[in-house]
Amino acid sequence: MLVQSLAYFVDIDTFYGLNNNDILITNLKAINNQINNILTTTVGERWGDVNDEPFFGSNIPELLFEPIDDYTAWRLETATFRAINRWMSTRIIMDPRQTRVFPIPNQQSYQATLVYRVITENINARYKVLLSR
């Protein structure tokens, strides 16, 4: 009996060529890749792009140059929610009770743990990312 896995989300792997993965990624890997693209793209960076999305992205890259403290971590958390809700609200729902951003001053970075639910699959997922200058 052949069991076929359906891909509900597909994306091009941002890190293709740096690893031995396939160029196309699916489902949770694709969602995490899209989250990474949103968080690391400055608003206005894609002006004049093929899709002409001048507001795509977040202000997270700018916030990373603020003082590394709890207040900036809170601002990063808020910016993350706003950006994800704006660009991925039809695919995922963020869990504000479990999503956190913590400063790591000696590494000049922040550890972000994002917890979300995939709407179409009704499954919970966790994505950890190091946000650094």
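This is a predicted model: local features need pLDDT of at least 70, side-chain atom pairs count only at pLDDT 80 or more; totals for chains, interfaces and linings use all residues.
**Entry 1: strand 5.** I looked up how strand 5, which covers residues 109-118, sits in the structure, and I found that 8 of its 10 residues are buried, so this strand is largely enclosed by the rest of the structure.

**Entry 2: partners of strand 5.** Which strands pair with strand 5 in the antiparallel sense? I noted strand 3, residues 92-94, which runs antiparallel to strand 5 and is joined to it by 3 bridges, and here isoleucine 92 stands opposite valine 118 of strand 5. I then turned to strand 4, residues 100-104, which pairs with strand 5 in the antiparallel sense over 5 bridges, with arginine 100 standing opposite threonine 113.

**Entry 3: the turns.** I followed the chain from strand 4 into strand 5 and saw that they form a hairpin with 4 residues between them, where glutamine 108 in the turn has a positive phi of about 55°. Strand 5 and strand 6 form a hairpin with 4 residues between them, and in that turn asparagine 122 has a positive phi of about 55°.

**Entry 4: asparagine 32.** I moved to helix 1, residues 27-40, in which asparagine 32 lies. Is asparagine 32 buried or exposed? Its relative accessibility is 16%, and because buried means under 20%, asparagine 32 counts as buried.

**Entry 5: the nonpolar core.** I looked up the largest nonpolar core, which has 31 residues, and listed those with the most contacts inside it: Ile31, Ile35, Ile84, Met88, Ile92, Tyr110 and Tyr116. The elements that give two or more residues to this core are helix 1, helix 2 (60-63), helix 3 (70-88), strand 3, strand 5 and strand 6. Which element gives the largest share of this core? Helix 3 does, with 8 residues.

**Entry 6: isoleucine 84.** I ended with isoleucine 84, one of the core residues with the most contacts inside the core. Leaving aside neighbours within four places in sequence, isoleucine 84 is in contact with Ile35, Ile38, Leu39, Ser89, Ile92 and Met94. Among these, Ile92 is the residue that I had found opposite valine 118 of strand 5.

Conventions
Residues are numbered from 1 along each chain as its sequence is written. Side-chain values use heavy atoms; hydrogens and water are left out. Buried means under 20% relative accessible area, exposed over 50%, partly exposed in between (1.4 Å probe, protein chains only). Two strands pair if DSSP finds at least two bridges between them. A nonpolar core is a set of buried Ala, Val, Leu, Ile, Met, Phe, Trp, Tyr and Cys residues joined through side-chain atoms within 4.5 Å. Contact means heavy atoms within 4.5 Å.
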